[in-house]
Amino acid sequence: MATTPRTAIVTGAARGIGAATAKRLAADGHAVAVLDLDEAACAETVDAITAAGGKAIAVGVDVSKADQVAAAVTRVADELGAPTILINNAGITRDNLIFKMTEEDWDSVMGVHLRGAFLMTKAAQAYMTQEKFGRIVNLSSTSALGNRGQVNYSAAKAGIQGFTKTLAIELGRFGVTANAIAPGFIQTEMTKATAERIGVPFDDFIAFSAKEIPVQRVGQPEDIAATVSFLTSDEAGFVSGQVIYVAGGPKD
Ligand code: NAP
C-alpha cells in the first residue's frame, strides 16, 4: 500500500502498541517521533527503526502537561517537519471498583487519555490544517462498552470516541481524518499488569481470554499497528469519525 512519506507522532511509543505502531509507520516510509514519559525509554524503539533504515527521534513528554506538549510538538516540527500524522496512544490504568476508587485514580486516567489526547491534537492540528492533510488515530478500547473495575478507564475510552467523531466533523474540510481504534485484549505490559492485579499467571490469563475471543487468540501490538497503517494511508481519506474494534470478534 503506497503512501506519501510524512512526519508522524506516536505517544506512549516506548513499548507495547505504541512501539509496534511507531515501527510500522517508519516501515511505511514516515519519519516518526517516538514520544513517551521517559525519553531514554524511547531508545529501543528509535534504535529498531533506524537499524531498519528508517528515521526516528525520541522525545520525552508527559502528554497531560500543556507546556511539555507544546514544546514536544514544536521540537518534532523543527527536527522532522510538520507533523501530519498523530497517534494518541499513551495510556494508563488505575483499576478499582468504584467504592474503592480514589479521586487521584480518576483524575490521572482522565489526564492521560482525555486531556492528553486533547492537548496533543490541539497542538498537531495547527500543522495539519496548514498542510491541508492530516490523519489522527486515537486509541479507545472495548472497555468503552463497560468493564468491571474500570469506571475511570471505560469513561475515558468512551470519551475518546466522542472526541474522535467531533474532530472528524470539525477538521474534515482541511483534509484531516480522525478515527478511533478500540482494541480488545492485546498482549502488552498493560494486560500483564491486569493479570498481576487479579492474581492470575499471565500465560493462564492469555489462554483463558483466547478461548472467549471468536478468532481464538489474543491480539498482538502488530494487529493494532496494521490498522493504524491503513487509517493513516493516502487511500483512507474517505474513512473518518469511525471506531474500529480490533478485537478478534465484534468486541472482546
Ligand atoms: P503500555 O504497554 O502500558 O504502554 C503505554 C505507554 O504509554 C507506556 O510506555 C507509558 O509510559 C506511556 N505513558 C503513560 N502515561 C503517559 C503520559 N502521561 N505521557 C506520555 N506517555 C505516557 O500500554 P499498551 O497496552 O501498549 O496500550 C497502548 C494504548 O492502547 C493505551 O491507550 C491503552 O489504553 C490502549 N489499549 C490497550 C489494550 C491492551 O489490551 N493492551 C486494550 C485496549 C486499549 P510508562 O511506562 O513510563 O508509564
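## The sheet and its strands

Strands S2 and S3 run parallel and are joined by 5 bridges, where a strand is a DSSP run of E with at least two residues, a helix is a DSSP run of H or I with at least four, and both are numbered from the N terminus. The model is a predicted one, in which local features need pLDDT of at least 70 and side-chain atom pairs count only at pLDDT 80 or more, whereas totals for chains, interfaces and linings use all residues. Residues are numbered from 1 along each chain as its sequence is written, and side-chain values use heavy atoms, with hydrogens and water left out.

Strand S1 (residues 7–11) pairs with strand S4 (residues 83–88) in the parallel sense over 4 bridges, and Ile-9 stands opposite Leu-86 in S4.

## Helices against the sheet

In helix H8 (residues 221–231), the buried residues are Pro-221, Ile-224, Ala-225, Thr-227, Val-228, Ser-229 and Leu-231. What covers them includes H1, S4, strand S5 (134–139), S6 and S7.

## Helix H6 and its ends

Which residues of helix H6 (residues 189–197) are buried? They are Thr-191, Thr-194 and Ala-195, and because they cover an arc of only 100 degrees around the axis, they lie on the same side of H6. The arc is that of the directions from the helix axis to the C-beta atoms. The buried residues of H6 pack against helix H7 (202–212).

At the N-terminal end, H6 is capped by Thr-188, which has a side-chain oxygen 3.1 Å from the backbone nitrogen of Met-190. This is a polar contact, that is, a pair of N or O atoms within 3.5 Å; within protein, one must be able to donate a hydrogen and the other to accept it, and residues adjacent in sequence count only if both atoms are side-chain atoms. Just after H6, Gly-199 takes a positive phi of about 75 degrees.

## Nonpolar cores and a buried asparagine

A nonpolar core is a set of buried Ala, Val, Leu, Ile, Met, Phe, Trp, Tyr and Cys residues joined through side-chain atoms within 4.5 Å. The largest one has 34 residues, and those with the most contacts inside it are Ile-9, Ala-33, Leu-35, Val-76, Met-120 and Ile-136. Its largest share, 8 residues, comes from H4. Apart from this core lies another, of 24 residues, among them Ala-8, Ile-17, Ile-85 and Leu-231.

Asn-179 is found in strand S6 (residues 176–183) and counts as buried because its relative accessibility is 0%. Its side chain reaches the backbone nitrogen of Gln-242 at 3.0 Å. Leaving aside neighbours within four places in sequence, the contacts of Asn-179 include Ile-136, Thr-164, Leu-231 and Gln-242.

## Positive phi in two loops

Most residues other than glycine have a negative phi. Lys-132, in the loop between H4 and S5, has a positive phi near 60 degrees, and Lys-132 is exposed, with a relative accessible area of 54%. Gln-216, in the loop between H7 and H8, has a positive phi near 65 degrees; with a relative accessible area of 51%, Gln-216 is exposed.

Definitions and conventions:
Buried < 20%, exposed > 50% of the residue type's maximum accessible area, 1.4 Å probe, protein only. Contact = heavy atoms within 4.5 Å. Pairing = 2+ DSSP bridges.
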